Amino acid sequence: MKSTDKILIFAGTTEGRTLFEALTRAGADVDVSVATGYGKELLGDHGGHVLCGRCDGEQMLALIQKNGYALVIDATHPYAAQATSNISRACALAGVEYLRLLRPSGECSDVILCENIQAVVEYLKSHGGSVLSTIGSKELGALTELPDFSSRIFARILSTPEAVDKAFSLGFSGKNLICMQGPFSCGLNVEMLRQYGCDYLLTKNSGDAGGFDEKLEAARQAGAQVILIDRPGSDHGFSCEEIVERLSSVFPLLEKGGKKTHFPIFTDISGKTVLVAGAGRIAQRRLKTLLRFDCRIRIVAPHIPQTLPQGEAICCIPRAFEEGDLEGVFLAVAATDKREVNRRIGIEAKRRGIPVSVADSREECTFFFPAVITTPQAVIGAVGSGDDHHAVAQTAKKIREALHD
Ligand SMILES: C[C@@]1(CC(=O)O)c2cc3[nH]c(cc4nc(cc5[nH]c(cc(n2)[C@H]1CCC(=O)O)[C@@](C)(CC(=O)O)[C@@H]5CCC(=O)O)C(CC(=O)O)=C4CCC(=O)O)c(CCC(=O)O)c3CC(=O)O
Ligand SMILES: NC(=O)C1=CN([C@@H]2O[C@H](COP(=O)(O)OP(=O)(O)OC[C@H]3O[C@@H](n4cnc5c(N)ncnc54)[C@H](O)[C@@H]3O)[C@@H](O)[C@H]2O)C=CC1
């Protein structure tokens, strides 16, 4: 495969969307096909071409041949057995490479395992009790075979008009419907099971991104029995990471998991004040870097070590951080060893519109503190996607060695 080849993804799952975004960002020529308008909405606007609407096997074959894809990735839902069989057959007929993206099944024990929805119905016919159904609206019809379904089945479905209309037309009434879009936390699941007095939680083995672990744990906490519809037997495939791994030789920008990278902005900080909270190992490393750029440093820490550089540009405040310390600050670095203090600095800096690097939480950073290499000709800053700092440090080391910084 070459980097100019066209790729088609049949999405419909979180992983499919993640892969689409990552491939688009990595410069691949990629189209995505989703079954519903709702799926399209979830994709947002990432560039790339979005095809919308359900297609049968023949339509898929025509689409693949017409657009000349070199690779088709099937990222439809683990239970979309029909779609998967159509896509793989169309690829075989067109002679196009086919990859199945499949999230790993969740680990589980102590569940009532049913082969399909029909087996669930048989089980529930001979076992009383209320059920929280978390299998969506598609197969809800089967549950209406239970004579008392309208009182004992509580169906959690998507909050779309189609899903709601379908549930109503099947005979479900408002009091037995929960229309809401996930993700659902364990706590929320527990409350739902308790609120509706459910003895069972009905689920498919949707793997991690489907909130599967949160359902199992909630059932355990609420004392409900899990009824699990097993995955279609022959389904096997690759995880998102494995597919990224396979494609990264063609698209070097494709990072693991489709994480975003930061755009480097080089800005003049001379004469401006940078707040550094903390005066330990990390704060001192950053201080050394910052001082190369002729800024003023306001450093605040309960204990100011003797080893700290001194000079007019450095103002030491020997006490714990206070919010007022951010007054008049251009850039902030939170590098104390107290999680709560760093978090507070992050929040307060954001509120004031000050870019902040929070040393112990990549999620709370609005900028990443880079590894900096300075030579007479250039300033080079290196960051990764925040999940392998060691690799960034190694990269910086190689650049330093190469440039004799
Ligand atoms: C997100 C970021 C936020 C920010 O601070 O702006 C951040 C976050 C975190 N770093 C952690 C650990 C380590 N970071 C390093 C090294 C560096 N880290 C740097 C930047 C950044 N670090 C920002 C993103 C940059 C990116 O990765 O893209 C560098 C580039 C610049 C600098 O720090 O000066 C510098 C290389 C400098 C050079 O070589 O010149 C080492 C190695 C070492 O110290 O030798 C370790 C230990 C080993 C390891 O984990 O590999 C932890 C876990 C803390 C914990 O568990 O306690 C978190 C928290 C989290 O991940 O959420
Ligand atoms: N981003 C990165 O590169 C790395 C980040 N870290 C994280 O950075 C943080 C700092 O690590 P180190 O410098 O090794 O710790 P350290 O223990 O050497 O220094 C902590 C500093 O915070 C100060 N401090 C404590 N409470 C404070 C408060 N309320 N207000 C202001 N200052 C306060 C202390 O006086 C001390 O100077 C830790 O949270 C650590 O997890 C650790 C390794 C690498």
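The expected span of a helix is taken as 1.5 Å times one less than its number of residues, and helices (H or I, at least four residues) and strands (E, at least two) are DSSP runs numbered from the N terminus. The structure is a predicted model, in which local features need pLDDT of at least 70 and side-chain atom pairs count only at pLDDT 80 or more, while totals for chains, interfaces and linings use all residues. Residues are numbered from 1 along each chain as its sequence is written, chains are lettered from A and ligands numbered from 1 in the order in which they are written, and side-chain values use heavy atoms, with hydrogens and water left out.

Burial is expressed as relative accessible area (buried, under 20%; exposed, over 50%; partly exposed, in between; 1.4 Å probe, protein chains only). Thr84, Asn86, Ile87, Ala90 and Cys91 of α4 are buried. These residues lie on the same side of α4, because they cover an arc of only 165° around the axis, the arc being that of the directions from the helix axis to the C-beta atoms. Gln82, Arg89, Ala92 and Leu93 are exposed on the other side of α4. The C-alpha atom of Cys91 is separated by 9.8 Å from that of Ala70, 21 residues apart along the chain. Ala70 is located in the loop between α3 (57-67) and β4 (71-74) and, at 27% relative accessibility, counts as partly exposed.

Strand β10 (residues 200-204) contains Lys204, which is buried with a relative accessible area of 13%. The side chains of Lys204 and Glu139 are joined by a polar contact of 3.1 Å. A polar contact is a pair of N or O atoms within 3.5 Å; within protein, one must be able to donate a hydrogen and the other to accept it, and residues adjacent in sequence count only if both atoms are side-chain atoms.

Ligand 1 is surrounded by 23 residues, of which the closest are Arg285, Arg286, Ser357, Phe369 and Gly384; a residue is near a molecule or strand if one of its heavy atoms lies within 4 Å of it. A polar side-chain atom of Arg285 lies 2.7 Å from an oxygen atom of ligand 1, and a polar side-chain atom of Ser357 lies 2.7 Å from an oxygen atom of this ligand. For Gly386, a backbone N or O atom is 3.4 Å from an oxygen atom of ligand 1. Taken alone, ligand 1 exposes 1,100 Å², of which the protein buries 70%. Accessible areas come from the Shrake-Rupley method with a 1.4 Å probe; for residues, only the protein chains shown count as cover.

Around ligand 2 there are 20 residues, the closest being Ala279, Ile282, Arg285, Arg286 and Phe321. A backbone N or O atom of Ala359 lies 3.2 Å from a nitrogen atom of ligand 2. The protein buries 71% of the 870 Å² that ligand 2 exposes when taken alone.

Two backbone features were noted in loops. The peptide bond from Gly182 to Pro183 is cis, with omega near 5°, and Pro183 is placed between β9 (177-179) and α9 (186-195). Asp294, a residue other than glycine, has a positive phi near 65°.
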